[in-house]
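Take a first walk through this structure.

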Amino acid sequence: MSDTPLLEVEHLEVLFPVRRGLLGRAVEHVHAVDDVTVALSEGETLGVVGESGCGKTTLIRCLARLVESTGGTIRFRGQDITRAGRRELGGVRAELQMVFQDPQASLNPRKRVVQILATPLRRRGVTRADVQTKARELLERVGLNPEYLNRYPHEFSGGQRQRVGIARALALQPRLILLDEPVSALDVSIQAQVINLLDELQDELGLSYVFVAHDLSVVRHVSDRIAVMYLGKIVEVSPAEELYTKPIHPYTGALLSAIPIPDPRENHTRTRVVVQGEPPNPVAPPPGCRFHTRCQFASEICSRVEPPQVEYARGHMAACHHPRNVSAQEISSAFRSETSPRSAGQELPAP
Amino acid sequence: MAIEPAIGSELPGGGLPAGFEGPVVAPGLGPYQLAWRRLRRNRVALAFGGLFVAIVVMCLLAPVYAQDIAHTSPDANHITETIKVGSKSEEVVSAAGIPIGPTWHARFFLGADQNGRDVAVRLLYGGRNSLFIGAVATLITMLLAVMVGLVSGYFRGPIDGVLSRLMDVIWAYPALLLGVALGVVLAVSGLNLGLFQIQGNSLLVPAVIVGVVYVPYVAKPLRGQVLGLREKEFIDASRAQGLGHVQIMLGEVLPNLASTIVVLVPLMLANSILLEASLSFLGAGVQPPNPSWGTMIGDGIRFIPAAIHTTLVPGIMLMLTVLGVNVLGDGVRDAFDPRARIRVER
């Protein structure tokens, strides 16, 4: 791991205008990603979880520069790519590739696999004569039969299509792959295969991943660190295992207790934290802590002051006034993290 | 970091995935091959396509027929001549001005028109003009419509607004009325577009008119399709690879429009030929003395009671051509129809 992180995201903000009226003036904004700060080192996998509409897909699409941010900076190897145009982005684009959620929609139905792979290969400077061999290598690398080169996407199963999608991302020899729910459209057995493939590729090629998912058990296996998002904000970042054993933010706790346990007896004995109601409207997010409207531990301060990111032991961070699963001693030694949102207050949780 | 999958655990990511589903159709067959296979089995469509091809070939051979069989030219007047039909000789155009009907001889096989010109020769030459105009008009329609549809569907926003309103302006006029208006003006003045200068009596004038008038009819559905396609993830994927707008439009979006375009071409060809005939019939299309099926019908209409062949012959030819193209077009559409997949065979 080098000193500069591979990817640094600082105070990133994506607001979508809600246009009304004849002139289409933006009357209000959807706060899709609101002041997110997170970093990723070389070879690391960052999992991003959260319920539907929490902004995780917007975040990753913004990192791939498919959605324009409205504030904050994205740095890749220290280079600011937040506003870089297509030409300036050129080299970085290759190092930063994306795998999409729907393997059916992410492959052009009118192109053969070899043509799909040829586009990025040619951009990388592979000569026309070598495209065929390189494409074969790529297919083999993702565990597909190289003879499938001349097939169309509709001739594959879902898992195979997603492998083609991964091969396409690999074609540019990236350092970082942004995975937008890469397995959520696949069968459980196929999910495992694809995840194992991703895992292998990471070991062989030293890739870094940002892995977006709403399935916590999938994220647990692939991630080194996990960020939990709620309504456009990161509420907790933690080393993967610790998040599951010691969730600090009440929202994380609620997410974890929503994971189904296959054993009915065990399932019966556990106490489930059920979050009431729907997430608030992201057009007008609640003041203070965004989760306070649904949080069972909420107090007066939660609706008034936005909690800062508080760093506990082992790089475990959470933005909550009433942290769970931490001792008084841990709370007293905790400090306000620099990654806190700009609008966050100074108050630290009391032991 | 191992996962315990319920099935397929014997496959640690590498190798062929278990439960590989065999291909639904023969491997590597593209949509065009599949469509061609289906079209090949559609005898009716092929027969009518053959009819159209036969008409095209006949029209292309017009000079051969004129020189070697009829020994005349499309514009040659034989108004004062007489011709032997059987044992008696008849005037080509009688004293009352009635042209002779079909003689079944080499010259005036299908009779003469009011100027004593050979109808069969003019029919073939007129067919050349009609088909040429139809083809050029279809080409113009398709090129412009694909450009407009791609650009406005892909960029949306203000560009789409301007282009779509422009299409609406053209669309607001009935095609025939707009064609007549343009045709009358342009036939007099010719067309002057800077580098492009077209004489008023050129065949390109009706071709351009017909081509432009039909652009919105094709551009609108294409734009709609592009609007849907641009939201697909494979467009995002190519953006993530660093492709530019033009590369995405031509390399990613256009191939997905191809089947629509292929289906639309025969239909637009038939429509263009018909509109050209209508314009020429009304005197706003092909200018005399150039023949076309429309002008021939228009010229002959006064003689319908006495010499019905002058309108009937080009009329039947026009009908057969349009019928041939349309049935072929229907066949092509069926061949590309995804709902017809049931009939796919290996």
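Start at A:Val210. Leaving aside neighbours within four places in sequence, A:Val210 is in contact with A:Leu40, A:Leu46, A:Val48, A:Ile60, A:Leu63, A:Leu178 and A:Leu179. Two residues are in contact if their C-beta atoms, placed from the backbone, lie within 7 Å.

A word on the model before moving on. It is a predicted model, in which local features need pLDDT of at least 70, side-chain atom pairs count only at pLDDT 80 or more, and totals for chains, interfaces and linings use all residues. Residues are numbered from 1 along each chain as its sequence is written, while chains are lettered from A and ligands numbered from 1 in the order in which they are written.

A:Val210 sits in β8(A), opposite A:Leu178. Helices (H or I, at least four residues) and strands (E, at least two) are DSSP runs, numbered from the N terminus. Strand β7 (residues 176-180) of chain A and strand β8 (residues 208-212) of chain A are joined by five bridges and run parallel. Two strands pair if DSSP finds at least two bridges between them. Strands of a sheet pair through backbone hydrogen bonds, either parallel or antiparallel.

Now widen the view to the sheet. Nine strands of chain A form an open sheet, ordered β6-β7-β8-β3-β9-β10-β12-β11-β13, with mixed pairing. Its edge strands are β6 (96-99) and β13 (335-336) of chain A, and each pairs on one side only. Helix α9(A) packs on this sheet and touches β3, β9 and β10 of chain A. Its direction makes about 100 degrees with that of β9(A). Such angles run from 0 to 180 degrees between N-to-C directions, with axes as lines fitted to C-alpha atoms, for helices over the stretch in contact.

Which residues of helix α9 (residues 250-257) of chain A are buried? They are A:Pro250, A:Tyr251, A:Thr252, A:Ala254 and A:Leu255. A residue is buried if 20 or more other C-beta atoms lie within 10 Å of its own, exposed if 12 or fewer, and partly exposed in between, with C-beta atoms placed from the backbone. The buried residues of α9(A) pack against β3 (45-49), α7 (216-222), β9 (225-230), β10 (233-239) and α8 (240-245) of chain A.

A:Val210 and A:Leu178 return in the largest nonpolar core. That core has 171 residues, and those with the most contacts inside it are A:Val48, A:Leu178, A:Val210, A:Phe211 and A:Val228. A nonpolar core is a set of buried Ala, Val, Leu, Ile, Met, Phe, Trp, Tyr and Cys residues joined through C-beta atoms within 7 Å. The largest share of this core, 16 residues, comes from helix α4 (residues 119-155) of chain B. The core also draws at least three residues from each of domain 1 (42-63 + 84-223) and domain 2 (246-336) of chain A. Domain bounds come from an automatic or database domain assignment.

How do those two domains sit? The centres of domain 1 of chain A and domain 2 of chain A are 33 Å apart, taken over C-alpha atoms. Their contact takes five residues from domain 1 of chain A and five residues from domain 2 of chain A.

Chain A has another sheet. This open sheet of four strands has the order β2-β1-β4-β5 (chain A), with antiparallel pairing. Its edge strands are β2 (25-40) and β5 (79-80) of chain A. Eleven bridges join strand β1 (residues 7-20) of chain A to β2(A). Among the paired residues, A:Arg19 has A:Ala26 in β2(A) as its bridge partner. Helix α1 (residues 56-63) of chain A lies across β1, β2 and β4 (71-76) of chain A, at about 75 degrees to β2(A).

A:Gln173 is not a glycine, yet has a positive phi of about 55 degrees. A:Glu181 is not a glycine either, and has a positive phi of about 45 degrees. Most residues other than glycine have a negative phi, and most peptide bonds are trans. A:Gln173 is in the loop between α5 (158-170) and β7 of chain A, and counts as partly exposed because 13 C-beta neighbours lie inside 10 Å. A:Glu181 lies in the loop between β7 and α6 (188-205) of chain A. A:Glu181 is buried because 21 other C-beta atoms lie within 10 Å.

Finish in chain B. Chain B has twelve helices and four strands. Buried residues make up 41% of its 346 residues. B:Pro266 lies in helix α10 (residues 245-281) of chain B, and is buried, with 23 other C-beta atoms within 10 Å. The peptide bond from B:Pro288 to B:Pro289 is cis, with omega near 10 degrees.
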